[in-house]
Amino acid sequence: MKQIPKQSSSRREFLKRTGRLAATSALAGVAIPHVHAGEDNTIRLALIGAGGRGTGAALNALSVPNGPTKLVAMADVFSERMMSSCKILVQRIAQGLMPGKGGKLSDLLDVPQDRQFLGFDGYRKAMDLLSPGDIVILTTPPAFRWVHFGYAIEKGLNVFMEKPVTVDGPSTRRMLALGQKSVAKNLKVGVGLMCRHCRARGELYDRIKGGGIGDVIALRAYRVAGPTGSAVSGPKPEGISELLYQIKRFHSFLWASGGCYSDFLIHNIDESCWMKDAWPVRAKASGGRHYRGDSIDQNFDNYSVEYTFADGAKLFLEGRSIPRCWNEFASYAQGSKGSAVISTSGHIPALCRIYKGQNQTDEDPVWSFPQPEPNPYQLEWDDLIEAIRKDQPFNEVKRGAEASLVTSMGRMAAHTGQIVTWNDILNHDHEFAPGLDQLTLNSEAPLQLGPDGKYPIPQPGITTTREY
Ligand SMILES: NC(=O)c1ccc[n+]([C@@H]2O[C@H](COP(=O)([O-])OP(=O)(O)OC[C@H]3O[C@@H](n4cnc5c(N)ncnc54)[C@H](O)[C@@H]3O)[C@@H](O)[C@H]2O)c1
């Protein structure tokens, strides 16, 4: 357990006064200085997967108000990603965008070149530099989550890992077992379903539990927008291996991410199931590919899913990646005595509200969460660090794995055209990418092009027992 030092508030005041100048001068170069840890209560961090979210998560970790944290090692498979992450970290700290900290650069970042590890085994080298009680941040594509989490458990490290945490039945079973191991070791593990830490959604959950909208009969969730992230991909260009291409375009490949369905829809699925306080037991769905151009990724362009809960209540989910259609990124609950807005437009602000009727008109709001709302991406870190400092139970693996499984359940229902139950997906034997713990730069990609030069795609009604 790492206690907050008695002198931390005056230290913070000092750093507030001196920090910005020191950080600004560090901007002269992107190289991150190497200094020795000044305080043994500092929670040290290693970042595995220095991409967009990894860099953001590291900044959140360095911005916590509850005691010193410092990034000491990084790992990635692309040197350009490592470099751009380092650059952004330095710039953001220099700009003073770290609300909880005033710290000077070297108090927050201590990642000299010999602690920036490239390659598929970089995660081990980075974690080897940490001690029990420190935190490793796992923000690669989800396929690697169980590999990296397994090693973190071996090393006795606390973990923050991004969603989804699994992509299929076998990886979910493995993750659930690893989760139990991590609980037995009293490790604190956060999973990046940050909306669970949103105070607005938290109060809405309490109100719904208290009967605020009566029985929850139906939930509706929408994430319909144009193509997002790397979900739409054309043929592999020259100059990059098949393996690295699939990793770089991970939203396009089911083995790497669970596809656009898992990566993008999981938040709406999770927040809706949270309000129902249950996971659905089965799913039926449809979806298809429409305007593909030369895109040969494995995704459908739209998904329409009906999840059913044990009491018969439904969650209706719409996902679409087609430009120039109506866009919506929101979730709703309909109850026997009213209705609620779970999220309004993306993750933040949620603008949670309860209405007397089902129409949700401005005339009949019963309650709305006061604005402004704190940022859940920061809150999930504040909560994790608090639990580590106070040695309180904090382990989100089971919930994160179950949310990932429910997501895979709906995706498989759409991809096969069959009704898929919780047990079907949990016990399914199709592991999209076995042996990822043995991967090297020379390994074959988990997915191979067919004779037609295209990747295998789901074919509902034709390929019915597995997704491809
Ligand atoms: N909670 C959220 O709202 C949220 C938002 C964005 C992303 N995410 C999640 O974060 C994860 C990363 O997404 P991203 O948008 O940052 O993608 P990204 O491509 O920007 O970052 C992933 C990084 O991991 C690196 N990487 C890939 N395989 C690796 C390996 N085996 N070892 C080390 N490094 C490896 C890549 O080179 C890349 O730099 C995904 O699981 C995604 O779903 C969550």
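Q: How much space lies in the largest pocket?
A: About 730 Å³. Keep in mind that this is a predicted model.

Q: Which residues lie nearest its centre?
A: Those are R53, T139, T140, P141 and F250, out of 38 residues that line the largest pocket.

Q: And what classes are in that lining?
A: The lining of the largest pocket has 15 nonpolar, 14 polar and 9 charged residues. Several elements supply at least two lining residues each, among them helix 2 (52-62), strand 2 (69-76) and helix 11 (259-276).

Q: Switching topic: what order do the strands have in the open sheet of 9?
A: The order is 14-13-12-11-7-10-9-8-15, and the pairing is mixed. Strand 14 and strand 15 (420-421) each have a single partner strand, so one side of each is left without a neighbour in the sheet.

Q: In what sense do strand 13 and strand 14 pair?
A: Antiparallel, over 3 bridges. R353 stands opposite S368 in strand 14.

Q: Which strands does helix 11 touch on the sheet?
A: Helix 11 touches strand 7, strand 9 (302-308), strand 10 (314-321), strand 11 (328-335) and strand 12, and its direction makes about 155° with that of strand 7.

Q: OK, helix 8: which residues are buried there?
A: A200, R201, G202, L204, Y205 and I208 are buried. Their cover includes helix 11 and strand 7 (216-225).

Q: What follows helix 8?
A: G211, with a positive phi near 90°.

Terms used. Residues numbered from 1 in each chain as written. Predicted model: local features only at pLDDT ≥ 70, side-chain atom pairs only at ≥ 80, totals over all residues. Heavy atoms only, no water. 1 Å grid on protein atoms, 1.4 Å probe; cavity = no way out; pocket = protein on both sides within 12 Å on 5 of 7 lines; lining within 4 Å. Points joined across faces, edges and corners; volume = space filled by probe spheres on them. Helix = DSSP H or I, 4+ residues; strand = E, 2+ residues; numbered from the N terminus. Nonpolar A, V, L, I, M, F, W, Y, C, P; charged D, E, K, R; others polar. Buried < 20%, exposed > 50% of the residue type's maximum accessible area, 1.4 Å probe, protein only. Contact = heavy atoms within 4.5 Å. Pairing = 2+ DSSP bridges. Axes fitted to C-alpha atoms, helices over the stretch in contact; angles between N-to-C directions.
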